[in-house]
Amino acid sequence: MQALKVLLAFLAMAAASSAVARTITGQVVGADGKPVANAVVFVQEPAALQSAAASSPAIMDQFNKAFVPEMLPIAAGTQVRFPNRDQIRHHVYSFSRPKRFELPLYKGEDAPPVLFDKPGVVKIGCNIHDWMSAIILVLPNDRFAVTQDDGTFSLPDLDSGQYTITAWHAQSRDKTEDIAQRVAIAGKDAQLTFKLSLAPARSRPATRGARWDQ
Ligand SMILES: [Cu+2]
């Protein structure tokens, strides 16, 4: 009888804890141990996590002949708008495998939104201004976080279960699957640290804003 009581108490506890969503916090650091900002930490598996209801489109502006932001993480199935806030025309395109598209020369809000339905790295460019570049990181689901200046991140709202979590950065030499970590969430928050090997940042060409390209 005593054993049954203990078992019932344990089951009640397990049920209560599984109903509470948990958070994974942690930090992304470089090979030198210094914090890495603007890394994206995301749930790789299970890929088919329930995402929140389809939200409004994400935005990648063009302003002063640059994409803003230069790195945009989104969940697969999200539409992105590319409003042009310059007084000149841009011609936005990508040749990347997860999404090939082209928005021929346009101004203002004239370009239709683009649907990104496959996970992966989509490099964005402008046909007119070679130095304009950005990345849209299409993730398997909406459980992702971007690291702060101190390299920390917080992935909230995770139910109990097994997850594969990984980290990506525009300059990372590591494949996301090689640095992925398995985590069991069982009624407690979890902590993770990712170490990335970063390539040096590419410097911007000095031609930015030159008259001849208008
Ligand atoms: Cu342009």
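Visitor: How do β11 and β12 pair?
Guide: Strand β11 (residues 120-126) pairs with β12 in the antiparallel sense, over six bridges. Strands are DSSP runs of E, at least two residues long, and helices are runs of H or I, at least four; both are numbered from the N terminus. Two strands pair if DSSP finds at least two bridges between them. This is a predicted model: local features need pLDDT of at least 70, side-chain atom pairs count only at pLDDT 80 or more, and totals for chains, interfaces and linings use all residues. Residues are numbered from 1 along each chain as its sequence is written.

Visitor: Which residue stands opposite Ala134 in β12?
Guide: Ile124 does.

Visitor: And how many residues sit between β11 and β12?
Guide: Six, and the two strands form a hairpin.

Visitor: What else does β12 pair with?
Guide: Strand β6 (residues 71-75) runs parallel to β12, and five bridges join them. Met71 stands opposite Ile135 there.

Visitor: Where is Ile135?
Guide: Ile135 lies in β12, residues 133-139.

Visitor: Why does Ile135 count as buried?
Guide: Because Ile135 has 21 C-beta neighbours inside 10 Å. The cut-off for buried is 20 or more other C-beta atoms within 10 Å of a residue's own; exposed is 12 or fewer, partly exposed is in between, and C-beta atoms are placed from the backbone.

Visitor: How many of the residues of β12 are buried?
Guide: Six of its seven, so β12 is mostly covered.

Visitor: What is Ile135 in contact with?
Guide: Leaving aside neighbours within four places in sequence, its contacts are Met71, Val121, Val122, Lys123, Ile124 and Ala170. Contact means C-beta atoms, placed from the backbone, within 7 Å. Also, the C-alpha atoms of Ile135 and Pro73 are 8.3 Å apart, with 62 residues separating the two along the chain.

Visitor: New topic. What about β8 and β9?
Guide: β8 (residues 90-94) and β9 (residues 101-106) run antiparallel, joined by four bridges. They form a hairpin with six residues between them. Ser94 has Phe101 as its bridge partner.

Visitor: What order do the strands take in the open sheet?
Guide: The order is β3-β7-β10, with mixed pairing. β3 (58-59) and β10 (114-116) are the edge strands, each pairing on one side only. β3 and β7 (residues 78-81) pair in the parallel sense over two bridges.

Visitor: Big picture: how many helices and strands are there?
Guide: The protein chain has one helix and 17 strands. Of its 214 residues, 27% are buried.

Technical notes:
Two residues are in contact if their C-beta atoms, placed from the backbone, lie within 7 Å.
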